[in-house]
Amino acid sequence: MWKKVLYRSMIMLMVISLAGGMGACKSKKKLAKEKEAAEYAAKLSTAKATLLDILNDNTAMSLDEKEAAVRSIKEMNLNDPEIDELLLQADEKLAAERAAWNKKEMEEKQKGTGGDVAKDKNAMTLADYFSSIASATSVSQANMLIADALKLFSSPDAPVLVIISKEGTTVDYDRPTTIKNYLNYLKDTKNNINKVDKITYDANGKIKELELLKTY
């Protein structure tokens, strides 16, 4: 009889021990999940506060620092709809700030050359580049100007759209090309008849798309 009692007691101890172990395991998993949730919430809060400060101009960060902060938040991959929307707004705002900064720098360089942009090709506007490339006296000179002009663009393959007619909201375009091909076209034909109509910048202040208006 005592053997049966002892056997049952051992079985009960084993069950209790296993239950205790499972409880401890569940507790650790719960704590890990709670910690992960808390860290995610903290990241969301920090990201939201940073983006709102940028959007509301409530920060002493430089433009470079703001751009770096936005890149860092993107790399977190928070997958939150509100953060995603704030990131889109921040991208648009910083792209406009970068474009304004580039324009101001160009104007300052132009003033430094006494208004003669030919003395400083880095201060040249797109219209100046087009005119200079089309009127270049040698292929080497034109190629040098093309290389400098391409620095203003996000890629040599940035699209260039030429408007051939515009009536109200109806716009007809010529066959699309790239900025590299267009600059080489100017070099080869010396046919500079299009004027800049619209420039679209990327988040780094580089030109990502250009629209020209054919003047004939």
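1. Basis of the note. The model is predicted, so that local features are given where pLDDT is at least 70 and side-chain atom pairs count only at pLDDT 80 or more, while totals for chains, interfaces and linings use all residues. Residues are numbered from 1 along each chain as its sequence is written, and side-chain values use heavy atoms, with hydrogens and water left out.

2. Overall fold. The protein chain has six helices and five strands, where helices (H or I, at least four residues) and strands (E, at least two) are DSSP runs numbered from the N terminus. Read from the N terminus, the order of these elements is α-α-α-α-α-β-β-β-α-β-β. Of the 216 residues, 27% count as buried; here buried means under 20% relative accessible area, exposed means over 50%, and partly exposed lies in between, with a 1.4 Å probe and protein chains only.

3. Contacts and surface. Among the contacts in the protein chain with a separation of 6 or more, 53% come from residues 24 or more positions apart, a contact being heavy atoms within 4.5 Å. The chain exposes about 14300 Å², of which carbon and sulfur atoms supply 56%; accessible areas come from the Shrake-Rupley method with a 1.4 Å probe, and for residues only the protein chains shown count as cover.

4. The structure holds seven salt bridges, each being a side-chain nitrogen of Lys or Arg within 4 Å of a carboxyl oxygen of Asp or Glu. In one of them, the side chains of Glu97 and Lys66 meet at 3.0 Å, N to O, and this pair links distant parts of the chain, with Glu97 in helix α3 (residues 81-112) and Lys66 in helix α2 (residues 63-75), 31 residues apart. Lys66 is buried at a relative accessible area of 9%, whereas Glu97 is partly exposed at 22%. Asp57, Lys66, Lys93 and Glu97 are linked in a network of salt bridges.

5. The side chains of Asp91 and Lys74 form a salt bridge at 2.9 Å, N to O; because Asp91 lies in helix α3 and Lys74 in helix α2, the pair ties together parts that are 17 residues apart in sequence. Both partners are partly exposed, Asp91 at 21% relative accessibility and Lys74 at 38%.

6. A further salt bridge. Asp148 and Lys151 meet through their side chains at 3.4 Å, N to O, and Asp148 is buried, with a relative accessible area of 13%.

7. Aromatic pairs. How many aromatic pairs are there? The count comes to two, under the rule that rings of Phe, Tyr and Trp (its six-membered ring) pair if their centres lie within 6.5 Å, with planes under 30 degrees apart counted as stacked, over 60 as edge-to-face and the rest as tilted. The ring centres of Phe130 and Tyr182 are 5.4 Å apart and their planes stand at 75°, so this pair is edge-to-face. Since Phe130 belongs to helix α4 (residues 126-134) and Tyr182 to helix α6 (residues 179-189), the pair ties together parts that are 52 residues apart in sequence. Phe130 counts as buried at 2% relative accessibility, and Tyr182 is buried with a relative accessible area of 4%. Ring pairs link Phe130, Tyr182 and Tyr185 into a cluster.

8. Strand β3. Thr178 has its place in strand β3 (residues 177-178) and is buried, with a relative accessible area of 17%. Leaving aside residues up to four places away in sequence, Thr178 touches Pro156, Asp157, Ala158 and Val160.

9. Strand β4 (residues 194-201) includes Tyr201, and seven bridges join β4 to strand β5 (residues 207-214) in an antiparallel arrangement; two strands pair if DSSP finds at least two bridges between them. Asn194 stands opposite Lys214 in β5. The hairpin has five residues between the strands, and Gly205 takes a positive phi near 80°.

10. A nonpolar surface patch. Val196, Ile199 and Tyr201 form a nonpolar patch on the surface, with about 200 Å² of accessible area together. Patches are made of residues with over 30% relative accessible area and no salt bridge, like charges being joined within 9 Å and nonpolar side chains (Val, Leu, Ile, Met, Phe, Trp, Tyr) within 5 Å. Tyr201 is partly exposed, with a relative accessible area of 33%.
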